[in-house]
Amino acid sequence: MSDEIPFHQSIPGDMRGWQLVDGGKWDGSLVWQEHATGRKVRVPNIWYNQTVEMRIEAMEHSIASMQENIERTSGDLFLGEQDKLRRINALSRKIKGTRKLIRKMRREGIPLA
């Protein structure tokens, strides 16, 4: 019998019945174990296979990057005021949407894109 953990594209079924047992945000793959059966699967480290905490951390990093972009845009001497305003408003809307998604992930307990 092989000790190799089978590879899947995603966690089979509802991820709430599984627990992350190996891998982290910098790893190429994650190993999840099913609570009911103890079976393990290896999946790629992509948003829909990450824990909610990992996904929220990535989104918070994205928000910080967008906020830095707003600061850079505000001080850009080569952009006209209309262009600055348009870019800042677009980034602000994206930040607001990302924060809303983070709240929904915390509430539902599953990673979302």
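These are my entries, and the model I worked from is a predicted one.

**Entry 1: the sheet**

I began with the strands. I found an open sheet of three strands, in the order S1-S2-S3, with antiparallel pairing. Which strands sit at the edges? I noted strand S1 (18-22) and strand S3 (40-44), since each of them pairs on one side only.

**Entry 2: S1 with S2**

Next I took the pairs in turn. S1 and S2 are antiparallel and are joined over four bridges. I wrote down who faces whom. Trp 18 stands opposite Glu 34 in S2. Leu 20 stands opposite Trp 32 in S2. Then I checked the hairpin of S1 and S2. It has six residues between the strands, and Gly 23 there takes a positive phi near 110 degrees.

**Entry 3: S2 with S3**

How many bridges join strand S2 (residues 29-34) to S3? I counted five, and these two strands run antiparallel. Ser 29 stands opposite Pro 44 in S3. Leu 30 has Val 43 as its bridge partner in S3. Trp 32 stands opposite Val 41 in S3. The hairpin of S2 and S3 has five residues between the strands. In that hairpin, Gly 38 takes a positive phi near 80 degrees.

I moved on to the helices. Two packed helices are described by the angle between their axes and the distance between the axes. I looked up both values. The axes of helix H1 (residues 52-74) and helix H2 (residues 81-108) come within 10 Å and cross at roughly 165 degrees. Angles over 145 degrees count as roughly antiparallel, so H1 is roughly antiparallel to H2. H1 passes H2 in a left-handed crossing. What is the contact of H1 with H2 made of, by class? I noted twelve nonpolar, six polar and seven charged residues.

**Entry 4: the pocket**

Last, I looked for the largest pocket. Its volume is about 190 Å³. Which residues line the largest pocket? I wrote down Lys 25, Trp 26, Gln 50, Met 54, Glu 57, Ala 58 and His 61. By class, this lining has three nonpolar, two polar and two charged residues.

Terms used. Residues numbered from 1 in each chain as written. Predicted model: local features only at pLDDT ≥ 70, side-chain atom pairs only at ≥ 80, totals over all residues. Heavy atoms only, no water. 1 Å grid on protein atoms, 1.4 Å probe; cavity = no way out; pocket = protein on both sides within 12 Å on 5 of 7 lines; lining within 4 Å. Points joined across faces, edges and corners; volume = space filled by probe spheres on them. Nonpolar A, V, L, I, M, F, W, Y, C, P; charged D, E, K, R; others polar. Pairing = 2+ DSSP bridges. Axes fitted to C-alpha atoms, helices over the stretch in contact; angles between N-to-C directions. Parallel < 35°, antiparallel > 145°, perpendicular 65-115°, else oblique. Left-handed = near helix turned anticlockwise from the far one by under 90°.
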